[in-house]
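Thank you for coming, everyone.

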Amino acid sequence: MGWFSRRPDDDPTTAAATGGAAFADDGLAPLGRADADWLRSAALAGFTRIGVPGVEARADHLVDAAGKQYGLTNLAALLAQQDRAQWQGVVDTHVSSLALALRRAESAYDEVAHLLVARVMVEADLPVLPPDAGPSLGGGLCVRAAIDYPESVSVLYDDRLGGWEVTGDAALAGLRRLPAPAHETFEHDVHLFEAADFFGASRVLVHDELLDSVGLTDRPYGTLVVLPARALLGVHVLRDATVVHALHLMAQLARAGQSQPGAMSPHVYFRTPDGTLQQVTRYSDEKIDVLVEGAFADAMRAARLVD
């Protein structure tokens, strides 16, 4: 896990793709403008080829005639890590996966219940936010059921299979059935859990079970968590003044994840005992502001770290 030694502009592939940060595309960084235009054109051609109706390109997504959006940011991040000779193949694979997902879109609940897995999503990345589709976690994050096919993961953005009331229990059970993620401890008692699947960050939904499994059973004042990318979850158990250094290290991890495929949140969150996530960081250029308020302030006072 080389997360703490990498910044987005340390990656030579990214630097080559963008031609330098000044030329990064506004919608699809880390690609440069010309390469981002190529991706939009290639994706548009692929989506048209598989019969997506009325598809048009936007800055960071495609949109079809019904208004449904298909994000391109993860695809851009993936291309930035590949040799250019492989780009067309990456796009073709993505389009083929989408075509398969569209064919499966009419599956009934009983046909896919055993494939459901709970997935944490960034609300700002979702095309719609119907309240029945899944609960909010706070801090701009929410939960959706996803169908974990062997070839791809299909997120249920709406209430197509009956919403979270129908899919929630099966989705959480599916998350618990996944293999345990790899665990590594870094300085300042920052614990990283990295999964070989798309649901590493989603393990925050089984937070207590996960920490118990690695011996972190004593959590007197709660925890800080980061969800940098879909495969990764970082946790620090709040105990003492170590939290100051841990928080800054976790903020570095969270921001580094923004250049990775499946990027999620650049922020650090305080997790309350009921599972609600409270964002405790705010960024201004390279400056990190820590927001000690609400439940986080209460926990810091209980730990005698603030007055």
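How much space lies in the second largest pocket? In this model, which is a predicted one, the second largest pocket holds about 190 Å³ of space. Its lining is made up of 13 residues, and those that lie nearest the centre are Val204, Leu205, Arg271, Asp274 and Gly275. Two elements, strand 5 (136-138) and helix 7 (207-213), each give two or more residues to this lining, and helix 7 gives the most, with three residues. If you sort the lining of this pocket by class, you find five nonpolar, four polar and four charged residues.

Let us turn now to helix 6, which runs over residues 164-177 and has 14 residues, reaching 19 Å from its first C-alpha to its last, close to the 20 Å expected at 1.5 Å a residue. Which residues of helix 6 are buried? They are Trp164, Thr167, Gly168, Ala170, Ala171, Gly174 and Leu175. As a general point, an α-helix has 3.6 residues a turn, so residues three or four places apart point the same way. The buried residues of helix 6 pack against helix 5 (109-112), strand 4 (116-122) and strand 6 (141-148).

Finally, helix 2, residues 33-49, has 17 residues and reaches 24 Å from its first C-alpha to its last, close to the 24 Å expected at 1.5 Å a residue. Its buried residues are Asp35, Ala36, Leu39, Arg40, Ala42, Ala43, Gly46 and Phe47. After helix 2 comes Gly51, and the phi of Gly51 is positive, near 90 degrees.

Key
Residues numbered from 1 in each chain as written. Predicted model: local features only at pLDDT ≥ 70, side-chain atom pairs only at ≥ 80, totals over all residues. Heavy atoms only, no water. 1 Å grid on protein atoms, 1.4 Å probe; cavity = no way out; pocket = protein on both sides within 12 Å on 5 of 7 lines; lining within 4 Å. Points joined across faces, edges and corners; volume = space filled by probe spheres on them. Helix = DSSP H or I, 4+ residues; strand = E, 2+ residues; numbered from the N terminus. Nonpolar A, V, L, I, M, F, W, Y, C, P; charged D, E, K, R; others polar. Expected span 1.5 Å × (residues − 1). Buried < 20%, exposed > 50% of the residue type's maximum accessible area, 1.4 Å probe, protein only. Contact = heavy atoms within 4.5 Å.
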